Amino acid sequence: DLSASRPARDPLRFDPRDPSWPLRDRFVLSNGHASMLLYSLLHLFGYDLSLDDIRQFRQLDSRTPGHPEHGHTAGVEMTTGPLGQGFATGVGMALAARLARSRFARDGEGPGHHLVYGIVSDGDLMEGVSAEAGSIAGHLGLGNLIYLYDDNHITIDGPTDLSFTEDVAARFGAQNWHVQRVADGNDHAALSRAIDAARAETERPSLILMRTTIGYGSPHLAGKSKTHGAPLGADEVRATKDALGWPQEPTFFVPDDVRAWFASCIEAKRADRNTRDAKLAAWRKTNPALADSWDAQRERRIAADFTQQLAAGWEDKKAATRVHSGEVIQRATAALPFLIGGSADLAESNNTIVKGAANVGPGAGAGADP
């Protein structure tokens, strides 16, 4: 019963009317096969995703495909599906925020103070890319990154321990992550406390291990691998609705008090946006040159003759490809201030060091997020 409830303290900052609002938090559903979780919340929070769109889930040309697709559905921050991809890209998003804060924020005001949240799965953590991305996130101390690990002990082939038995908490602790456990993923109070603790940790990325039950509420299929990628079936849907005290009809149903509760949450988020936009306007007024530079980088402004700048004067020069590459990197970074790069401890040899630029290291742009 939500009718007497006040709006929950929802930690995510966003505006459904403006999915590209630059001060928003980012949310990455790395386990993209759980896309309906994201679609249902986007609908309830008032994004441009209707109940008819929900009815077209996983149908050809629908706005609710089987995995979220950036640019196709309002509110989807990135395309996820290949396991580990969302995990790694979220690390990049958190690094980008820290760099923006380091370059543009002054006296605690300005861009780059948003957080990056994500949900990751066993499949994500099995992939090597998550180990590599997790290592750099811990090394850089990306305290603006918070991941929730959906630890349901089930894969599509059966129990997770068929292929995955490592100590996840120990692994991430060794990579300098702030690690917490929530014994019951449906314990909202415990989960809220864990998120609060993660938000308070500004010098390490956070991983919250949540023990969950796949197919929760299904009398016969909860906790079973069959619920991973297949519908429950008409009979089990009816049984699940009965078990949860949910009406059988209509098939797609949102109670009025739920609509009202989400509407109050939306209004609270709009008020929060107005406050933050006013602070950003004051920062712009105080730092006009920084504001213009931020706009140019955020909008990816590129000179019309950019490719010509990269190639000019090289027509008859003979050199090793790494020499040509190194010169292109110098020219590209001079023309594109938002470009950063990296090297697997071979920067001197492969000519990837940017002349006159500093290295990104632990603590860049660190500090509490307002």
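Visitor: What is the order of the strands in the open sheet of 5 strands?

Guide: Welcome! This is a predicted model, where local features need pLDDT of at least 70 and side-chain atom pairs count only at pLDDT 80 or more, while totals for chains, interfaces and linings use all residues. Residues are numbered from 1 along each chain as its sequence is written, and side-chain values use heavy atoms, leaving out hydrogens and water. Strands (E, at least two residues) and helices (H or I, at least four) are DSSP runs numbered from the N terminus, and two strands pair if DSSP finds at least two bridges between them. With parallel pairing, the order here is β1-β2-β3-β7-β6.

Visitor: Which strands stand at the edges of the sheet?

Guide: Look for a strand with a single partner strand, so that one side is left without a neighbour in the sheet.

Visitor: Over how many bridges do β3 and β7 pair?

Guide: Strand β7 covers residues 206-211 and runs in the parallel sense with β3. Within β7, Leu-209 stands opposite Tyr-149. The count for β3 and β7 is 6 bridges.

Visitor: What angle does the direction of helix α7 make with that of β6?

Guide: Helix α7 (residues 188-200) packs on the sheet, touching β2, β3, β6 and β7; contact means heavy atoms within 4.5 Å. Axes are lines fitted to C-alpha atoms, for helices over the stretch in contact, and angles run from 0 to 180 degrees between N-to-C directions. For α7 and β6 the angle is about 175 degrees.

Visitor: How many aromatic pairs are there?

Guide: Rings of Phe, Tyr and Trp (its six-membered ring) pair if their centres lie within 6.5 Å; planes under 30 degrees apart count as stacked, over 60 as edge-to-face and the rest as tilted. By this rule the count is 12.

Visitor: How many residues apart in sequence are the parts that Phe-14 and Tyr-47 tie together?

Guide: These two rings form a tilted pair, 5.9 Å centre to centre with 35 degrees between the planes. Phe-14 lies in the segment before β1 and Tyr-47 in the loop between α1 and α2, so the parts they tie together are apart in sequence by 33 residues.

Visitor: Is Phe-14 buried or exposed?

Guide: Buried means under 20% relative accessible area, exposed over 50%, and partly exposed in between (1.4 Å probe, protein chains only). Phe-14 has 10% relative accessibility, so it counts as buried.

Visitor: Which helices hold Phe-87 and Phe-172?

Guide: These rings also form a tilted pair, 6.0 Å centre to centre with 55 degrees between the planes. Both residues are buried. The pair ties together parts that are 85 residues apart in sequence, because Phe-87 and Phe-172 lie, in that order, in α3 and α6.

Visitor: The charged end of which residue sits over the ring of Trp-294?

Guide: A charge sits over a ring if NZ of Lys or CZ of Arg is within 6 Å of the ring centre and within 35 degrees of the ring normal. Over Phe-338, the charged end is that of Arg-300, 4.9 Å from the ring centre. Over Trp-294, at 4.5 Å from the centre, it is that of Arg-298.

Visitor: Which residue does a cis peptide bond join to Glu-249?

Guide: The omega angle of this bond is about -5 degrees. The partner is Pro-250.
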